[in-house]
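Here is a short report for a reader who is new to this structure. Please look over the view below before reading on.

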Amino acid sequence: MSDYEELDDPKSQPRYTGIPTFMRTAFTDNLSKVDIGLVGVPWDGGTTNRPGARHGPREVRNQSSLMRTHNQSTGVAPYELCNIFDVGDAWVKKPFEISGALDEIQEFFEILHKANVKPISIGGDHSITLPILRAIAKDKPLGIIQFDAHCDTGDDYLGSPLHHGATFRRATEEGLIDPKRTVQIGIRGGTVLPDLWRFSRESGMRIVTMDELYETGADAIIEEARQIVGTEPTYISFDVDGLDVVFAPGTGTPEVGGFSSYEALRMLRGLGGLNIVGGDVVEIAPPFDPSGVTAITGAALMFEILCLVAESHANEK
């Protein structure tokens with residue numbers, strides 16, 4: 001017991017002290033007392049061009065010391081609603097073999113899922129979402145709200161069907177997500193094929209381009225997304241390249257002309273009350289951002305998703 005009782009909580013201690021964990025939560029490997037697990041997935045073997053996202057979890061842990069405990073905009077206080085812990089990294093012992101690496105990541109999340117722990121993860125490249133879904137969506141396909149510059153529903157690339165640009169195609173083919181309950185927000189940029197995201201369209205996914213987002217307005221798009229996913233379990237996947245490159249320069253596949261960090265926060269806050277069972281923030285590549293702003297933004301996005309999952313979990317009780 002310190003001279004200041006409020007400092008007994010690690011989240012209230014000076015931010016420059018202690019061993020970095022996500023948002024200064026306690027670390028545990030005892031899952032029996034965990035409702036929501038904050039997870040690092042330091043693997044970027046599915047990257048098609050610029051690696052570096054393997055360093056994302058460590059830097060987000062560091063920058064997330066700036067996060068606080070109450071969401072001033074929504075009123076949600078996640079730590080009052082749930083038991084939230086940093087449960088460590090789903091690190092890969094054999095990172096150079098893609099299929100095996102994804103299996104290793106899946107095994108980690110299967111342990112969490114078996115313990116009824118809802119995961120919120122920091123990647124890693126966007127291919128990490130596939131093994132997470134393999135672990136938590138075995139019994140019933142999930143709805144997906146994806147913030148991204150790219151649909152990630154491509155096919156084989158350089159001889160591999162597994163990479164960060166094919167995640168949601170593979171997840172659909174494996175029955176892990178319901179494409180008719182999938183919304184992809186922020187799509188833009190050039191493509192190497194005239195109809196690169198044909199799979200998204202033909203499977204029934206709702207593609208929201210940046211042009212449409214600005215013409216229609218973010219609030220209207222989020223209201224539509226709410227209607228599409230409905231009340232069934234839904235997963236949020238946030239690729240930081242959905243943000244304009246000025247807000248997230250530290251990413252492997254940057255695209256200019258994205259939404260702002262405030263617009264991202266506003267859209268996430270608009271998802272309150274949905275049945276959110278987990279989420280991830282991916283493609284934070286610190287080597288491309290000496291300023292650290294991408295990791296700070298990633299931590300803020302993680303906190304918003306945490307608030308959504310905590311609120312959803314509390315509503316289950």
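Predicted model: local features only at pLDDT ≥ 70, side-chain atom pairs only at ≥ 80, totals over all residues.

Are Phe-238 and Phe-259 buried or exposed? Both are buried: Phe-238 is, and Phe-259 is too.

## Overall build

The protein contains ten helices and eight strands. Its C-alpha trace spans about 65 × 45 × 40 Å along the principal axes. For 317 residues, a compact globule would have a radius of gyration near 20 Å, and the protein's 18 Å agrees with that. Of the 317 residues, 56% are buried.

Contacts tell of the fold as well. Take those with a separation of 6 or more: 76% of them join residues 24 or more positions apart.

## Surface and charge

The protein exposes about 13800 Å². Carbon and sulfur atoms supply 52% of that area. Among the side chains, 28 are positive and 46 are negative. The centres of these two sets lie 2 Å apart.

## Aromatic pairs

How many aromatic pairs does a search of the whole structure find? The search finds four. Two of them are set out here.

| Pair | Centre to centre | Angle between planes | Arrangement |
|---|---|---|---|
| Phe-108 and Phe-109 | 5.7 Å | 70 degrees | edge-to-face |
| Phe-238 and Phe-259 | 6.1 Å | 80 degrees | edge-to-face |

Why does the pair of Phe-238 and Phe-259 count as edge-to-face? Its planes meet at 80 degrees, and planes over 60 degrees apart are classed that way. This pair links distant parts of the chain. Phe-238 sits in strand β7, residues 234–239. Phe-259 lies in the loop between β7 and α9, and α9 covers residues 261–269. The two are 21 residues apart.

## A partly exposed residue

Where is Asp-103 found? Asp-103 belongs to helix α3, which runs over residues 98–114. Its relative accessibility is 34%, so Asp-103 counts as partly exposed. That class lies between the 20% limit for buried and the 50% limit for exposed.

Asp-103 can also be set against Val-246. The two are 143 residues apart along the chain. Their C-alpha atoms are separated by 35 Å.

Technical notes: Residues numbered from 1 in each chain as written. Heavy atoms only, no water. Helix = DSSP H or I, 4+ residues; strand = E, 2+ residues; numbered from the N terminus. Rg over C-alpha atoms; globule rule 2.2 N^0.38 Å. Buried < 20%, exposed > 50% of the residue type's maximum accessible area, 1.4 Å probe, protein only. Contact = heavy atoms within 4.5 Å. Areas by Shrake-Rupley, 256 points an atom, 1.4 Å probe, with all protein chains shown as cover. Lys, Arg positive; Asp, Glu negative; His and termini not counted. Charge placed at Lys NZ, Arg CZ, Asp CG, Glu CD. Phe/Tyr/Trp six-rings, centres within 6.5 Å; stacked < 30°, edge-to-face > 60°.
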